[in-house]
Amino acid sequence: MKFIDDATLARIKSFKYSGLNVNSESLLSGEHPSRSRKGISQEFAEYRHYAIGDDTRFIDWKVYAKRDRLFIKEFIEEKAAVIHFLADASGSMNFKGSGAAFSKWEYSARLLMSLACLCFIKGDYCGLYCMSGSLNREIPPGASLKHAAFFDSVLEKTNPSGDSIPLEDLKLYVSKMEKNSVLVVFSDLMFESEKIASISAIIGTKKIRTYVFHVIDGFEKDIPWKGPLTFLDMETNVEMPIVPDYVRDSYNAEFSKWLKLCKTLYTTPRTRYFPAFTDMRIDGIIEKFITLT
Amino acid sequence: MSFLNPSFLWFLPLSAAPVLIHLLFAKKSLKIEFSSLFLLREVYFRRLNRIRISKWLILLMRCLALCFLLAAFSRPVANLAFFRNLLPSNSYSGGPLRVVFLIDRSYSMKCRFLGADRYGFSVKAVSAALKSLNRDDRAAFGFFSDSLEGPELAWSSDFENIRQKIRNSMPGSKTTDYKAALEKAYEFLSKEKDGKKIIFVASDSSMDGFRKSGNDLSRLSNYDSQTAVMGLFFEKPENNFWIEKIHADSIDDESGLYKSGSFGEKIKINSEVLSSTSSFAVLKMKIESGGAARFGKAVFNGKNFSILTFEIPLEGGDLNGKLTADHDALPEDNEYFYSFSKPAVKKRILLVWANPVSIKPGYGGYFIKQLFERVKESSVFELESMEASKAEGIAFENYSAVILCGLDAFNGRFKEKLSGPGLLWLIPSSVDKYGMRTVESMMGIKTAAAVSKKVFLEENKENPFFDKFDFSNYEVGKVSAARFFPVESPHAAIWNFSDGAVRYPALILKKSTTGGILLLWTSSLDLEFSDMAVKPVFAKWFFSSLAHALNMDFSLKKNMIFAGEKFDGRLKNSSMSKIEITAPDGKTNHVYSEGGNFSYELTDVCGIYRWKTSGAESGLPSRAVVEGSFAVNLDRSTGESLLETEDTPPWKKININDPLADFTAAAYGTEIWQIMLILGLVCSLVEFVLGSRKYVKD
């Protein structure tokens, strides 16, 4: 696979990860507790009065002996979680500062693959959706590690282009997701604050757990170039002559404000925000992810 | 500001080099791909104006730095007190001075205040300026009023001598005109190549002095912007009034001659007083005439003075005197001198007609009569007119001239009278064959039949007699006739007709006889055949021709003139006489008359001038002394009496209280190349700071 090698896979396997803290409502059995407490597992949930038609196997005879009333013993059903990986495939994700090892897209893909493998190992079902103004590629959820190969193949074939995540597409995609499934977003969020807020709102309507990985190149933050330059917007192909020296400080301040805004909008009880600079170690980000989940 | 090394200023365009370099060698920017410009765009447009201003400011600073550097090499000299205080006094520069002092001698300089007159303050200011001059400096001076007076301007380093000459002079009676004096000064300075050139106008910046030049020196000939011009400035006095003019009944305002009236009667003299202030005033007036004085009061209501009338008895002969008003800052214009003269004995003219039609409107006799009744020039003549039958018993010798009007009706009448002395003026009628035969025999000429052709009066430039008559306001050539008698004559033609190409002699033909002069007017004065009589030029032309025939000096004599004007006097006889003229200040001068006329030009002092012929040399058989007088007054018409000064004269004002400080400030300068260098450095520093700014602050 291009975006994950055996050594990384081995390292991921070694992580002590108990899985995502979700109450899965999927029909797939797995390691995550289901909202339905009628499942078959070792974990006790609660007692309830016996009702006609209940399976007599679950009557707690010891309680009956003590109380002379029939009680049914219920257990938490364990099911597999469905995790949706959403990769922003807009043109801006192709940016690669001269100090970085990977472009933002490559970095996103590597991070995505690592996380996906982590989930596959735990038996979760993972799906992938590469989304931009000019392309949509989707892999439905699957649970085996072989599914990871499909992920890798799609990510490799995708050449980011066009605008960032179209809101209508996102709305449709989110609406199709089961309740309590997980959405993991990889994007540079390079768009106006209104759109950032709109995406946050769309995700919030479904009440799903969301993890946003904000992929940033260090050069985007510092614009370290000197002299007069013509900047070409990778999404819109618009050109603008700028002397970075003249605007750097103001830009840095504006960039910080923007980061803060992203962090504020994507840090809610159901959403977690992870800044991911392309010069950061992927392992470090995964460790942080595991710690916070 | 001036420059000691101005050739470096040619390099001044180099200071625009940064702009050119910026425009011609603008860097081509590298193109880089960037994820998204949405943040950059926002920041960039917010700072765009500031970035642009900073860019151009940097460019401006570069240009200014170069400009100041080049200016420093040009060695600029400023004359601001600030620089003199900043830099050592020995840094005065600008080369040796070449100063032309123009000293105003117009009568407004007599205006008194603070115990001295304006001229006194001028002398003080010029003396102070002369004292401050160095050994290498040169000065020239000239007096002026309405023109530059005295000798030509000349350089001198004997400043004490100049000071003495100015101090010994005093204001005259003429008005101010800066144009002539300044043009002379500019012309004089234009010959000078070295040194700093200065014109010091020791004048009161009198408003009327700018009538001709306006408030713009650059319109003067030989104007040089490098020449510094400075002048004194005086405030307008609080109270100022003057006698603008007087008017007397029966006296011609222009000539001062009696119009009519007999001696022994009273004459009314009205005074017109003006004021440049607006406060209520009562002015005491006094008129002195013939040793007696009369008093009156003129009341000023804030706008006009009441007109005061004095009645003076006429006792025959000339009437001289002066009208005086209360004294103010300028007493000279509160006096008005008058001299009214009895006119010469009038010449008698007889107009005779045979046909009554001749004196009806539209015919010759009518126009001749109208001329003598209405036209000013006729005041020296006395016209009598009568029908031919009545005139038969009249002695023609008693008349200076006889005009026969409509020759055909005479039929040879008066033939015997025509051989007598005097002038006979013959005017034909429209159809005049009998009359013309008489005329032919009288004049000894041959006339052809009347020619009907449109011809015009030809200007008479050949006869110098007519030069003294001013035809400049008349169009002689537009006088036309449609019918005339062509004449073959050995006699002189005084005026001719012309059709533009051919001359037709003659309009007036003159034949001198032993007894007198015969004049033939070869056209008719009927309106049907000539528009001559209704043209404005006719009166002038007629009386000048009459004067020519009678050998008169017909030009008007004026008995009242303005200071500086020439007085033209006339004697009764035409032989050469020596005339003694006594000015009001008691000085006497002599002139000689020629052809009965004499002129006198030394009329700077106002008052009554008296003249008389020396009996022994008068040339008269009786050796009688002929005497006369004339009055000289200030010319108030230019506005000099207003004493108003120009608030913004076209020169640097010099304060009369401290003229030396202002003169040195304007004349000298301080070399300020050091300051230019410092300014250049400051500009470079600012450019450096701006260039290294990070544009952080919003």
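The contact takes 28 residues from chain A and 23 residues from chain B. The model is a predicted one. On the side of chain A that touches chain B, two or more residues are given by each of strand E10 (229–233), strand E11 (239–242) and helix H8 (244–265). H8(A) provides the largest share of that side, 8 residues. By class, the residues on the chain A side comprise 18 nonpolar, 3 polar and 7 charged. Strand pairing also crosses between the chains: E10(A) is joined by 5 bridges to strand E2 (residues 30–34) of chain B, and the two strands run parallel. Within this pairing, A:Thr230 is set opposite B:Lys31 of E2(B).

The loop between E10 and E11 of chain A contains A:Asn237. This residue, although not a glycine, has a positive phi of about 65°. Most residues other than glycine have a negative phi. A:Asn237 has 9 other C-beta atoms within 10 Å and is therefore exposed, the limit for that class being 12 or fewer. A positive phi, near 50°, is also found at A:Leu189, again a residue other than glycine. A:Leu189 is located in the loop between strand E8 (182–187) and helix H6 (193–206) of chain A. In contrast to the exposed A:Asn237, A:Leu189 counts as buried because it has 26 C-beta neighbours inside 10 Å, where 20 or more are required.

The secondary structure of chain A consists of 9 helices and 12 strands. Of the 293 residues in chain A, 38% are buried. Among contacts in this chain between residues at least 6 apart in sequence, 77% join residues at least 24 apart. Chain A has an open sheet of 6 strands in the order E7-E6-E5-E8-E9-E12, with mixed pairing. Strand E7 (136–142) and strand E12 (271–277) each have a single partner strand and stand at the edges, so one side of each lacks a neighbour in the sheet. On average, neighbouring strands of this sheet are turned by 15° against each other, direction ignored. Inside the sheet, strand E5 (residues 82–88) and strand E6 (residues 125–131) of chain A pair in the parallel sense over 7 bridges. A:Met131 in E6(A) is the bridge partner of A:Asp88. Helix H9 (residues 282–292) of chain A lies across strand E9 (209–216) and E12, and runs at about 165° to E12(A).

In chain B, the axes of helix H1 (residues 17–24) and helix H2 (residues 38–73) come within 8 Å and cross at roughly 140°. The two helices, H1(B) and H2(B), are therefore oblique to each other. Their contact brings B:Ala17, B:Pro18, B:Val19 and B:His22 of H1(B) against B:Leu59, B:Arg62, B:Cys63 and B:Leu66 of H2(B). The contact of H1(B) with H2(B) has 6 nonpolar, 1 polar and 1 charged residues.

Helix H5 (residues 159–168) of chain B has the buried residues B:Phe159, B:Ile162 and B:Arg163. Seen down the axis of H5(B), these fall within an arc of 100° and so line one face of the helix. An α-helix has 3.6 residues a turn, so residues three or four places apart point the same way. The cover over the buried residues of H5(B) includes helix H4 (118–132) and strand E8 (138–144) of chain B. The exposed residues B:Glu160, B:Asn161, B:Gln164 and B:Asn168 are carried on the face of H5(B) turned away from its buried side.

Notes
Residues numbered from 1 in each chain as written. Chains lettered and ligands numbered in written order. Predicted model: local features only at pLDDT ≥ 70, side-chain atom pairs only at ≥ 80, totals over all residues. Contact = placed C-beta atoms within 7 Å. Helix = DSSP H or I, 4+ residues; strand = E, 2+ residues; numbered from the N terminus. Nonpolar A, V, L, I, M, F, W, Y, C, P; charged D, E, K, R; others polar. Pairing = 2+ DSSP bridges. Axes fitted to C-alpha atoms, helices over the stretch in contact; angles between N-to-C directions. Parallel < 35°, antiparallel > 145°, perpendicular 65-115°, else oblique. Arc of directions from axis to C-beta.
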